Amino acid sequence: MMMAEAGATIDLALKVLEPTPSCPASSVAEQVLGSFTDPAAIREFAKSVDLLTVEIEHVDANALEEAAREAGIEVHPSPSVLRVIQDKWAQKEHFAAAGVPCAPAAAIASEADLARFGAAHGYPFMLKARRLAYDGRGNAVVSDPAGAAAALSALGGLGQGLYAEAWVPFRAELAVMVAQGRDGALRAFPVTQTLHRDSICVVTETPALIDPGLAREAERVALAAVASLPGAGVYGVEMFVTPRLLLNEVAPRPHNSGHYTIEACATSQYLAHLQAVTGQRVGDTSLTAGAAIMVNVLGDGAGQAANAERIAALRTRAAAEPRCALHWYGKAEFKAKRKLGHFTIVADDRREARAALERVLADFGVGVE
Ligand code: ADP
Ligand code: MG
């Protein structure tokens, strides 16, 4: 939806392949009902467009590659990049080989592998699914040797393809969106600080609350990570501050932690993505506001009616705040942990942005630390 909104500003009409009827994007783009994991649907879809791109990495990359070849059109980022990124373990191996610092990790094929990993790297550690992970679904903490079985079953067992990652006692998490043109030209967006709760990003604050030297280092790591991937588009690069910087993971698409760019940067991550994949020069990515705070609005487990009431109150609050932009995705069901929308507050400085956030969230019992 947000990519299609950006497309309209440069006269690019987007068409989306998505299986849920009346998906959020369908309010601004033409929707073709079908799955991005169904080769036949992708092939049919490819025949009706001039260029293919993705906004989720869990697509059938082989089908995408073949469909584009058959239709005689380009696909960006390249399916080879999608194949590496959609397997988080392959991604780890790729970045380790490229010399980008990451936490120690190992593929897990047996319970003995798990015990060995714990003995070598200590507890707790993180067990992760190689594929189809998002918003923490795909991560399980192994707190001690006795907890290994529960973590395994939480992720669906050894057959799912798993890897283990040493616990990172980070003092902050950062993200940098990077646009890579078809010619390989790179442009980084400002470093943003992300706050996760239960492995789900809930808040981002920009600029990040770090010293300028570390911000330069974060930009350098993000650029190096993206430069190692031969594919045009925007990438979301997640990092841990330990105090040394470690790469967490890279998404080959506009990213939740880059939503703030819509209001706070000269070019949004969505516009930058479209510029990059269509071979245009990517616009100015610098901040146009002193500070920006983005908050994800998540569903909770209280049921549809209670969620609707809570959200209506929040929307009224957000609408009363002059420099607060609310993005509502139009999802019908308010399920627990589901991202339903987000809002971004821009201000002249961090203090002002936080004061506005306090006003929006005043009745919701969510303090700003
Ligand atoms: P997802 O694909 O769901 O974003 P991530 O691997 O990025 O999965 O993990 C989500 C969040 O879980 C991270 O942003 C971080 O807060 C926490 N996390 C992930 N890996 C580790 C780790 N090795 N040590 C500590 N926390 C971690
Ligand atoms: Mg992540």
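Which residue in strand 11 is the bridge partner of Leu174? Keep that in mind as we set up the view. This is a predicted model, in which local features need pLDDT of at least 70, side-chain atom pairs count only at pLDDT 80 or more, and totals for chains, interfaces and linings use all residues. Residues are numbered from 1 along each chain as its sequence is written, while chains are lettered from A and ligands numbered from 1 in the order in which they are written.

Start by selecting residues 172–180, which form strand 9 (strands are DSSP runs of E, at least two residues, numbered from the N terminus). Eight of its nine residues are buried, that is, 20 or more other C-beta atoms lie within 10 Å of their own, with C-beta atoms placed from the backbone.

- Residues 233–241 are strand 13, antiparallel to strand 9 and joined to it by nine bridges. Click Met177 and look across to its bridge partner, Gly236.
- Residues 192–197 are strand 11, also antiparallel to strand 9, with three bridges. Here is our opening pair: Leu174 has Gln193 as its bridge partner.
- Residues 186–188 are strand 10, antiparallel to strand 9 over three bridges. Gln180 is bridged to Leu186. Five residues lie between the strands of this hairpin, and Gly184 takes a positive phi near 90 degrees.

Finally, select ligand 1. Its shell holds 18 residues, each with its C-beta atom within 6 Å of the molecule. Met126, Ala133, Val168, His196 and Ser199 are the closest. Strand 6 (125–129) and strand 14 (245–251) each give two or more residues to this shell.

Methods: Buried ≥ 20, exposed ≤ 12 C-beta atoms within 10 Å, placed from the backbone. Helix = DSSP H or I, 4+ residues; strand = E, 2+ residues; numbered from the N terminus. Pairing = 2+ DSSP bridges.
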